[in-house]
Amino acid sequence: MKKIAKILLLAMLISIFATACNASAEEEVFDLDFVGEKTGVDLEGFEMVYEFGLPSSAMGLESCLGYEIDTPFGDLAVERLRDVQNKLNCKVNVNYREKGSSCGLFVAASASGTFLCDAISGISDMWADVARIGMVIGLSELEDFIDYRDEEKWGYRNMLKVVYYEDDLYGVIPLLWPEIAITFESPIVVNENIISQIGATDPRDYIENGEWTWDKFKEVLELYYLEEGGEVKHYALTCGSGAFAAMFVRSNGDLYAEKDINGKYVPGFISATAVKAMEAAIDIFNGSTAHTIDSKSDAVDSLISGNTVMGAMNGDKIVTIGSRITREMDNFGILSWPIGPDVEPGYNFATHSNIEMCIAFSRVSKNPEATAAIINAIYEPFDGYETLDDIIDHMARSYFFDRRDAVVFYDMFRASEYNYFHYGLHSSTMDWLSSNKSISEYIEANEEKITEGINEYVMPSVRGIDALWGEE
């Protein structure tokens, strides 16, 4: 029923937007005259409206482009915004709103042909849908002004699958701005104070030594769990079944969709290596170590209160504006997920349901080219932060207690793959853990549905990547 409603809504939006586009077709001709041969770029006073979505935790804070004011990066953001306006002879009007409402307003305004903004930064959930009906501009049309091929600056292909569609890319991430672009699931945060209290080996050592395997994971779950007098003092891990399943199914080297020997995309979770991972997960989560895992509580609350030793959560809950982990924990570590026997030590993986700070360009912008030039200039790396390695060094100094934490955190981030959550396909990589079915029964019941989903939702992303980068 939801899918039918969504199709009807899209059809209505297509009709409305087609009328609006036909009425203003001449306005879509891009003007190149603002590029001067001697003086560089002069935008002749162009006023760009930038709709900026903030997480709800940051709505009460004074901020600039995602950074809290009167912090080092907040000061740099204020300075950058001022410098760009002076150097390009333009004005940038930034509207700060909670990201969910911001995206909703953008879709509604664009569908009716009403101008809301020239560029928007927010949750990517809707971008693939709005790309289908022409509300946002493909980056290939703007590549003279914003180089989407610079993947270290604007996001790697695996990160941006949600905004690749058919023949173009429809959004980017400011990857080289520290802290604000974090979008991935689910690094494990470990309470290092409890590790010291129980005299256990620092689990970061297991990762460094290539020992962070499924078997080692089972060992530490038993070791970290503490019950006294029938009362649980602390669990070993706080993690919901969905996150556990979604991460474990990837832990032996599989992607959501993979090419078979004939070059056809098939569900990754039906492979022999994925089945092995699923069986291991069922054994750990539902078997002899089930009592060591708290699947009901909030991981952040449990870690801060000392009710758990490890907690799995989204990466943005750790380092972005308003996050509690870095504000309230005085000693924590970051762990990747344990790996299976069919991958090499050091294998990293993660998933994401959304891009929390995805920048897109409105089709009804007053001047899309000028807008792209401004966004490109704003998100040049800050001095001293020109590469991800520079950012890792900063994170190690400023947020984490061990450089290994920053390395693991960003290795997972760089490896993160879109899980097609927006299209309802994500459930098929996590429901198996709580389905009470055998793996073979679950695959038989879901393979056809997932294969259809791959054709309908995954392949448009694949075709978009192939169109811009060539087939692998």
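Helices (H or I, at least four residues) and strands (E, at least two) are DSSP runs, numbered from the N terminus.

View 1. Welcome to a predicted model, where local features need pLDDT of at least 70, side-chain atom pairs count only at pLDDT 80 or more, and totals for chains, interfaces and linings use all residues. Residues are numbered from 1 along each chain as its sequence is written, and side-chain values use heavy atoms, with hydrogens and water left out. Of the 472 residues, 54% are buried (under 20% relative accessible area; exposed is over 50%, partly exposed in between; 1.4 Å probe, protein chains only). The accessible surface (Shrake-Rupley method, 1.4 Å probe; for residues, only the protein chains shown count as cover) comes to about 19800 Å², and 48% of this belongs to carbon and sulfur atoms. Take the contacts (heavy atoms within 4.5 Å) between residues at least 6 apart in sequence: 77% of them join residues at least 24 apart.

**View 2. E417 and K161 meet through their side chains in a salt bridge (2.7 Å, N to O).** E417 sits in strand β20 (residues 416-418) and K161 in the loop between α5 (151-154) and β8 (164-165), so this pair ties together parts that are 256 residues apart in sequence. Both E417 and K161 are buried. A salt bridge here is a side-chain nitrogen of Lys or Arg within 4 Å of a carboxyl oxygen of Asp or Glu, and the whole structure has 23 salt bridges.

**View 3. E208 and R404 form a salt bridge between their side chains (2.9 Å, N to O).** Distant parts of the chain are linked by this pair: E208 belongs to helix α7 (residues 203-208) and R404 to helix α16 (residues 403-415), 196 residues apart. E208 is exposed, at 54% relative accessible area, while R404 is partly exposed, at 21%. Salt bridges with shared partners also join E192, D202, R204 and D405 into one network.

**View 4. R157 and E151 pair up in a side-chain salt bridge (2.9 Å, N to O).** R157 is partly exposed, with a relative accessible area of 30%, whereas E151 is buried, at 13%.

**View 5. E62, D70, D75, E79, D383 and E386 gather in a negatively charged surface patch.** Patches are made of residues with over 30% relative accessible area and no salt bridge; like charges are joined within 9 Å, and nonpolar side chains (Val, Leu, Ile, Met, Phe, Trp, Tyr) within 5 Å. E386 lies in the loop between α14 (368-378) and α15 (388-398). With 39% relative accessibility, E386 counts as partly exposed.

Key. Lys and Arg count as positive and Asp and Glu as negative; His and the chain ends are not counted. The place of a charge is taken as NZ of Lys, CZ of Arg, CG of Asp or CD of Glu.
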